[in-house]
Structure formats: structure tokens, C-alpha cells
Amino acid sequence: MRKIFMLSISMLFLFVVGCASTERSMRSTFESNESGSYNNIAIPTKDFIIKGPIFVESTVTIEQNGVKNGSEITAYMLMKEAQKLDADDVVNVKIDKVESVKKSVVVQRNMEKTVRTKTITYKATALAIKYK
């Protein structure tokens, strides 16, 4: 009985361990040296050097009546800063958003009116890169 039990354990072990394995090559991950693949989407792989970090700040003011002054951070703003470092592109873009509300009292025709102004400050950091 003990021999049958040991034989069945051995057979089970060989069955599990003895399964054929497949060998994957890097060709299945990268089609060529010039492009990569992620979820069947071709991604160009380019060598680059980091020119340095860039910082962009922008402020938007929204008055109580809906009037908006200023703008959010745009790709154009980031590229203008990258251009100063002789860079071709930006990567690792992080944008922080800080909101604040200011209440002020305005006197019109002998009446006091509370006006709320919302200010949103966007601060972006990124790495400027130059392709080789």
C-alpha cells in the first residue's frame, strides 16, 4: 500500500515538473531594434540624453460671475521651456494643482456685496530630452 502511495506521488511529481516549457526570445517582445511593442502597439525606441529639468507655472483666476483669466499649463508652455535647453521633447510630466478662494467685500450703491474669487495655480515639472 505504501509503495503504491509513493509511486502515485512520484508520478504526480513527474507529471507536474516534467511538463514541457516554452522558450521566449526577445524577438517576441521587441520586433526590431528600432521599435518596441506594448499590447500590440508599436512604440518607437529612441536613445536620448537628458538636458535637464524644466519648471512651468500658470495661474487661472475665476471670478464669481464666471469670468476666467489665465490658462492651464499647455504642451506649448512646456516645449518653450524645453527649447531654452535645446531639447526635442519632454518626458515625466507632473502637474500639481493648488486651489484657493478669496472673499472680498465690494461696496456698490451703498450696499455691501461679498465677492468670491477662485485662484488655481498649476505647477509643472518635466525632464527635457534631446534625441540622439
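Select Leu-127 to begin, and then show the residues that it touches beyond four places away in sequence, which are Ile-50, Gly-52, Pro-53, Asp-89, Val-90, Val-91 and Asn-92; contact here means heavy atoms within 4.5 Å. The model you have open is a predicted one, in which local features need pLDDT of at least 70 and side-chain atom pairs count only at pLDDT 80 or more, while totals for chains, interfaces and linings use all residues. Residues are numbered from 1 along each chain as its sequence is written, and side-chain values use heavy atoms, with hydrogens and water left out.

Leu-127 lies in strand S6, residues 111-131, where strands are DSSP runs of E with at least two residues and helices are runs of H or I with at least four, both numbered from the N terminus.

Is Thr-121 buried or exposed? Thr-121 counts as buried, because its relative accessibility is 16%. Leaving aside neighbours within four places in sequence, Thr-121 is in contact with Glu-57, Ser-58, Thr-59, Asp-96, Lys-97 and Val-98.

Now turn to Lys-130 and Asp-88, which form a salt bridge with their closest N and O atoms 3.5 Å apart; a salt bridge is a side-chain nitrogen of Lys or Arg within 4 Å of a carboxyl oxygen of Asp or Glu. Lys-130 lies in strand S6 and Asp-88 in the loop between helix H2 (75-84) and strand S5 (89-108), so the pair ties together parts that are 42 residues apart in sequence.

Move along to Lys-118 and Glu-99, another salt bridge, whose closest N and O atoms are 3.3 Å apart. Because Lys-118 lies in strand S6 and Glu-99 in strand S5, this pair ties together parts that are 19 residues apart in sequence.

Finally, show the whole protein chain, which has two helices and six strands, and follow the elements from the N terminus on in the order α-β-β-β-β-α-β-β.

Methods. Buried < 20%, exposed > 50% of the residue type's maximum accessible area, 1.4 Å probe, protein only.
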